[in-house]
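Good morning, colleagues. I would ask you to look at the sequence and the structure on the screen while I go through selected features.

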Amino acid sequence: MKKNSKKKQQEVVSQDDSRRKFLKNGLTALAGFYIVPRNVLGRGFVAPSDKLQIAGIGAGGKGESDIYSFFMSGKADIAFLCDVDSRQTAKSRERYPKAKVYEDYREMLDKEHKNIDAVSVSTPDHMHAVQAMAAMQLGKHVYVQKPLTHDIYEARMLTQAAHRYKVVTQMGNQGASGDGVRQLVDWYNAGLIGDVHTVYCYTDRPVWPQGIQWSKNTLPVPKELNWDLWLGTAPYKDYVDNLVPFNWRGWWDYGTGALGDMACHIMAPAFAVLGLGYPESAECSVAKRYERNWNAVYAPECGPIASHIILKFKGQNGKPDLTMHWMDGGIQPERPAELGPNEMMGDGGNGTIFIGTKGKMMCGTYGAIPNLLPTSLTKTTQVPQTIARVPNGDNGHYAAWVEAAIAGYGSAAAKNLSSNFDVAGPLTESVLMGNLAIRSYDLQKKMENGRITYPGRNIRLVWDGPNMKITNFDEANQFVKRQYREGWSLGV
């Protein structure tokens, strides 16, 4: 055992003490056990089976495809399945008959921690942080679906926790491992488009209902669904139809709207190419939906049908300041003049456009279909490769995490992951800054004369990134860190 193993064990014992307190959310924690992460046993240590033992929190929908991708790497076993809705686990239970099934992730971690190497989190956004943190504090490597978290504070805490607990991390924006993003980086590094000063990101999402009010028609909870566990950190509400398993995305209590669904895919190329950090400011405009003449629907619990976000980033190392535009609901920027009248922009409904001092380039969702503009330059331009490719590109995103987790924290494989939390955390914070602007836009204030005003509109929100604070409109700071329902905690 390495000389520093004793020190590491002491650190883990301390971490475990706080972890046991946290797992008392409705459970009786095991007393006196000490968690020794696999990395303490030496870099490169693997389980006797030579395969990573993975627990999947969220085993249906995206969770089903995530854990299948880990399994198909050939270096992982799906040892445990956890889902609050037994209807969602049917296919996974059939595919992994030896996997033990749980309903409550806290019970699973409490009872099975010794048999788990890593955890995949593929649940609604409002549960990502508590589930990932619970696993990390037990020394488990984590793969978390995008967006990394539901609010900015959670993203910062998970980013810091990855190093505190010495675990290997990856966010589920698989395009970050794609060849397209790396081609864009190579073009930029070769100076082909000069210094980028403006980026446009756009999507056709939402493709689920938004801009609506919460249903007043409550229904009995399906017998297969543990509704209280599904609500988790969110405020209690009676069960309504057309929410589970997908349309929760549009409701702020659970989802993060069009930004949360697609911006981690569509903004990610800009972060990879330009090395962006925290934005300096955010502003927005939001589409209104009218039920009748002159009467707009006021639905602050729900994301809008369309929005335009403007994020400002301070230029670094002599580079110009950057303006990033985000457009959703099908709104798109002007077509670049260099793009032919019948050529597709991005991938049609989604894309990213980089505007530099010497030229332009664009791509579709996930950084796919990279093109220089005019597109004729794409095939004729050759530049040196400045960034290594991930084996199998975006399809290798999952296998790369599996192999890095086997190699252990601090390994070259872990440091080179395309969306480890050092990358995914700041990206997610910027994505969620857009939602902070949207929700601030909907804040109402009642004047003495009874008139309703909207003080969060028509202003630019100034952001102190290191301290996670809006400095010129304090009411907006309620959206930096949300209040969990009683009995739930992030455990930090």
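Helices and strands are DSSP runs, helices being H or I of at least four residues and strands E of at least two, and both are numbered from the N terminus. The model before you is predicted, so that local features need pLDDT of at least 70 and side-chain atom pairs count only at pLDDT 80 or more, while totals for chains, interfaces and linings use all residues. Residues are numbered from 1 along each chain as its sequence is written, and side-chain values use heavy atoms, with hydrogens and water left out.

I begin with the annotated regions. UniProt positions are given in the numbering used here, feature names are shortened, and annotations may be inferred rather than shown by experiment. An unreviewed UniProt entry places "domain: Gfo/Idh/MocA-like oxidoreductase N-terminal" at residues 54-172. Over that stretch the chain is 39% helix and 21% strand, and the end C-alpha atoms are 15 Å apart. The unreviewed entry also lists "domain: Gfo/Idh/MocA-like oxidoreductase bacterial type C-terminal" at residues 217-275. There the chain is 37% helix and 0% strand, with 47 Å between the end C-alpha atoms.

Several terms are needed for what follows. Buried means under 20% relative accessible area, exposed over 50%, and partly exposed in between, with a 1.4 Å probe and protein chains only. Contact means heavy atoms within 4.5 Å. A polar contact is a pair of N or O atoms within 3.5 Å; within protein, one must be able to donate a hydrogen and the other to accept it, and residues adjacent in sequence count only if both atoms are side-chain atoms.

Let us turn to helix α4, residues 105-112. Because six of its eight residues are buried, α4 is largely enclosed by the rest of the structure. The buried residues are Y105, R106, M108, L109, D110 and E112. They pack against several elements, including β1 (52-57), β2 (76-82) and α5 (128-136).

H141 counts as buried because its relative accessibility is 0%. Its side chain reaches the backbone nitrogen of V168 at 2.9 Å.

Q145 is placed in the loop between β5 and α6 (152-164). With a relative accessible area of 5%, Q145 is buried. Which residue's side chain does the side chain of Q145 join in a polar contact of 3.0 Å? The partner is D66. Leaving out residues up to four places away in sequence, Q145 touches K62, D66, V121, S122, H128, M171, G172 and Y398.

I come now to the interior. A nonpolar core is a set of buried Ala, Val, Leu, Ile, Met, Phe, Trp, Tyr and Cys residues joined through side-chain atoms within 4.5 Å. The largest such core has 106 residues, and those with the most contacts inside it are M136, W230, L243, M267 and M324. Helix α14, residues 421-441, contributes the largest share, ten residues. Apart from this core lies another, of 21 residues, among them I67, F70, A76 and A404. In soluble globular proteins, nonpolar side chains tend to be buried together.

How many of the 21 residues of α14 are buried? The count is 18, and the helix is mostly covered. From first C-alpha to last, α14 reaches 29 Å, close to the 30 Å expected at 1.5 Å a residue; the expected span is 1.5 Å times one less than the number of residues. At its N-terminal end, N420 caps α14, with a side-chain oxygen 3.0 Å from the backbone nitrogen of D422.

T352 lies in strand β13, residues 351-356. At 0% relative accessibility, T352 counts as buried. A polar atom of its side chain lies 2.7 Å from the backbone oxygen of I266. Not counting residues up to four places away in sequence, T352 touches V199, Y200, C201, Y202, I266, M361, M362 and C363.

Finally, the cysteines. A disulfide is a pair of cysteine sulfur atoms within 2.5 Å, and a search of the whole structure finds zero. For C284, the nearest cysteine sulfur is that of C302, 15 Å away. C284 is buried, with a relative accessible area of 17%. For C363, the nearest cysteine sulfur is that of C201, at 8.1 Å. C363 is also buried, with a relative accessible area of 0%.
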